[in-house]
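Please keep the sequence and the model in view while reading.

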Amino acid sequence: MIDRRSLMGAGLGLGASVLLPREAQAARLGAIGLQLYTIRQLFSADPVKTLEAVAGIGYREIEYGGGGYEAMDHAMLRRTQDRLGLKAPSIHVPYESLRDKFDASVAMAKTLGADTVVLPFMTNQHRTEEGWNAALPNFNRFAEGLKKAGLGFAYHNHDFEFTNKPSGVSLYDRLLQGTDPALVKVEIDLYWAIHAGEDVQALIRRLAGRIYAYHVKDARADGSMTAVGAGKIDFASIFKLNRLAGVKHFYVENDQAPAPYLPDITTSFRTLRSLRF
């Protein structure tokens, strides 16, 4: 039998756990996403089968990028997502498409169910001081147009934005200073920032409130990319800062995932699903 004293003890125990400071309670990630560029070879060959495999692993979010998705039947992709319980909060759209095919890019994002458009890359012609400074006003213009359409905008980094420092100022700092922080958010690729020598925890503290999402891939001791959990990056320490940063989307990505690709993203998913911080 359960007596009154036992009930009181149980109640006190529950109350103590509820009253623990938030910092003392282990957190875990919510929905874990996949940047489809990771499995672009599979996706371009059979997008429906690939999305079925992604959902079967346990992913509940995807981010479109690569694999020729821009030329596919977006209504078909959306139907497949809905059937599988997959959401696509954001899509990657190249600079040239946003510049020259803006309305089509907006329509594509909305059909796929995205609420944010991410600019994933800038080619060499834009990586000079003159080229970068000329592009930044367009970043603001893209963001303003997307806001009017009910969408957000973010920029995804590689390493060059940090290491390229014309006149002593990095391209990334120029981006942060030359764009509207209320409109132009950032998607931090943690691997590339670390690869560039950045202190990512300091970067996250600096940009708290402006970070849309993280790209999550691990690094081996030699600096090469690998599945999350197969490298040396301490993601638990990074994600502890989410109490400050408030990031909602965590997209697994491995630009160099080895064939047959699915084992790589399964390792990453299982690592992140079991991660506590």
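Axes are lines fitted to C-alpha atoms, for helices over the stretch in contact, and the angles between their N-to-C directions run from 0 to 180 degrees. Two packed helices are described by the angle between these axes and by the distance between them. The model is a predicted one.

**Helices H7 and H9**

- Helix H7 (residues 129-148) packs against helix H9 (residues 171-178) at an angle of about 35 degrees, and their axes are 10 Å apart.
- The crossing in which H7 passes H9 is right-handed.
- From H7, the residues that meet H9 are Glu129, Trp132, Asn133, Leu136, Phe139 and Asn140. Their counterparts in H9 are Leu171, Arg174, Leu175 and Gly178.
- Sorted by class, this contact of H7 with H9 comprises five nonpolar, three polar and two charged residues.

**Helices H3 and H14**

- Helix H3 (residues 47-57) and helix H14 (residues 262-274) have axes that come within 10 Å and cross at roughly 30 degrees. Because angles under 35 degrees count as roughly parallel, H3 is roughly parallel to H14.
- H3 passes H14 in a crossing that is right-handed.
- On the H3 side, Ala53, Val54 and Ile57 make the contact, while H14 contributes Leu262, Ile265, Thr266 and Phe269.
- The contact of H3 with H14 includes six nonpolar residues and one polar residue, with no charged residues.

**Strands E4 and E5**

- Strand E4 (residues 116-119) pairs with E5 in the parallel sense, over four bridges.
- Valine 118 has alanine 154 in E5 as its bridge partner.
- Strand E5 (residues 152-156) is largely enclosed by the rest of the structure, because four of its five residues are buried.

**Glycine 231**

- Glycine 231 lies in the loop between strand E9 (225-226) and helix H12 (235-239).
- Is glycine 231 buried or partly exposed? Its relative accessibility is 33%, so glycine 231 counts as partly exposed; the range for that class lies between under 20% for buried and over 50% for exposed.
- Leaving aside residues up to four places away in sequence, glycine 231 touches Asp218, Ala219, Arg220 and Thr226.
- Between glycine 231 and threonine 80 there is a separation of 151 residues in sequence and, from C-alpha to C-alpha, of 33 Å in space.

Conventions:
Residues numbered from 1 in each chain as written. Predicted model: local features only at pLDDT ≥ 70, side-chain atom pairs only at ≥ 80, totals over all residues. Heavy atoms only, no water. Helix = DSSP H or I, 4+ residues; strand = E, 2+ residues; numbered from the N terminus. Parallel < 35°, antiparallel > 145°, perpendicular 65-115°, else oblique. Left-handed = near helix turned anticlockwise from the far one by under 90°. Contact = heavy atoms within 4.5 Å. Nonpolar A, V, L, I, M, F, W, Y, C, P; charged D, E, K, R; others polar. Buried < 20%, exposed > 50% of the residue type's maximum accessible area, 1.4 Å probe, protein only. Pairing = 2+ DSSP bridges.
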